[in-house]
Amino acid sequence: MNSKEDISLDIINAVDILYQHSSENLNSYNPVSEIITPEWHYSDSFQIFDNNIQINWDNLGGEFDLIKTMINSLEKKATIPDDAIIVGAEFERSFCSWYQPYHYLPRQKWGVHLRYDSWMRVSAHFYHNCPSLLGRKLDSIKSAFLYLYVHELFHNSVENAASIMEILLGKPHIYAKYYSEVYSNVFNSSNCIEEALSNGYLFLWAEECCHINRDFLKDELLKQGPGYHDFIKYSSSSGSSSNLSKGNRILLSQIRHGDLNPATTAYDPIEQLIDISNPIQYSSIYNVPIWLHRKPKPVY
Ligand SMILES: [Zn+2]
């Protein structure tokens, strides 16, 4: 095994070996570009917080030029109307952030993708409205980053769980089948459990890792669209992760069987495959690249 930062690489290598022994190539069709739109999916981006930087609250400081620029522009941002916030903060639904799975080629830019303007907008919203961040520029920028990042990190955890199934079962197409036949079909609907669980994971760790007031975040996420606002079904007022784990069991049965509605008898107790541990610890083990986009690519 490689060093701890390279567990993602180990998993990707194992998936590649599986595909090499399969009669079919690693799928060429990538549904992500349809969900995010080609303008954003193919737009120019650059990697931020490279592999040498451990993602945590203390390391996301004002010494980065990017964050310095954001601090300066946050002062100039007026309060943004409420409806603009909802539209601008709904992760994939508003093309604000997304996760590019490593199962799709080309793989150069797999990982978490963020839009600079969305990050700025969420920062300004937190700066003006989140009780735990009011008037604190740097902290609002850090929390906004973690808000987007933690949600997307869950999608990586789901892909890794699917990869483990593929490796153990010797079946290479489990994730791609689920992504194209289940996730893509129900995206933006109340049947999209993966989005509900991604927000559930964010909600679980919001205060401890992201410094976002829990009641504030609950209200924000409840305003989001179908699927996303269903996080509440997989959360608990006590902060327990048991409802999230129940949801993960359902999601994993969908993935394993490539079926939106597998028989409940197919709900195998394998939810531990999805790692829902502290996102900071998770990101220290799984080195997930982070990409920043500034403007959409013109599409003619
Ligand atoms: Zn998502």
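1. Which strands does helix α6 lie across? In this predicted model, helix α6, residues 116-129, lies across β2, β3 and β4. The helix runs at about 70° to β3, and β4 covers residues 290-293.

2. The strands belong to an open sheet of four, ordered β1-β4-β3-β2, with mixed pairing. Strands of a sheet pair through backbone hydrogen bonds, either parallel or antiparallel. From one strand to the next, the twist averages 30°.

3. The edges of the sheet are β1 (45-48) and β2 (97-100). Each has a single partner strand, so one side of each is left without a neighbour in the sheet.

4. For β2, four bridges link the strand to β3 (residues 111-115), and β2 and β3 run antiparallel. Within this pairing, S97 stands opposite L114 of β3.

5. Helix α7 also lies across β2, β3 and β4. The direction of α7 is at about 25° to β2.

6. How do α7 and α8 meet? Two packed helices are described by the angle between their axes and the distance between the axes. For α7 (residues 137-169) and α8 (residues 174-186), the axes come within 8 Å and cross at roughly 135°. The two helices are therefore oblique to each other.

7. On the α7 side, the contact is made by E159, A162, S163, M165 and E166; on the α8 side, by I174, Y175 and Y178. By class, the residues of this contact divide into five nonpolar, one polar and two charged.

Note on methods:
Residues numbered from 1 in each chain as written. Predicted model: local features only at pLDDT ≥ 70, side-chain atom pairs only at ≥ 80, totals over all residues. Axes fitted to C-alpha atoms, helices over the stretch in contact; angles between N-to-C directions. Parallel < 35°, antiparallel > 145°, perpendicular 65-115°, else oblique. Contact = placed C-beta atoms within 7 Å. Nonpolar A, V, L, I, M, F, W, Y, C, P; charged D, E, K, R; others polar. Pairing = 2+ DSSP bridges.
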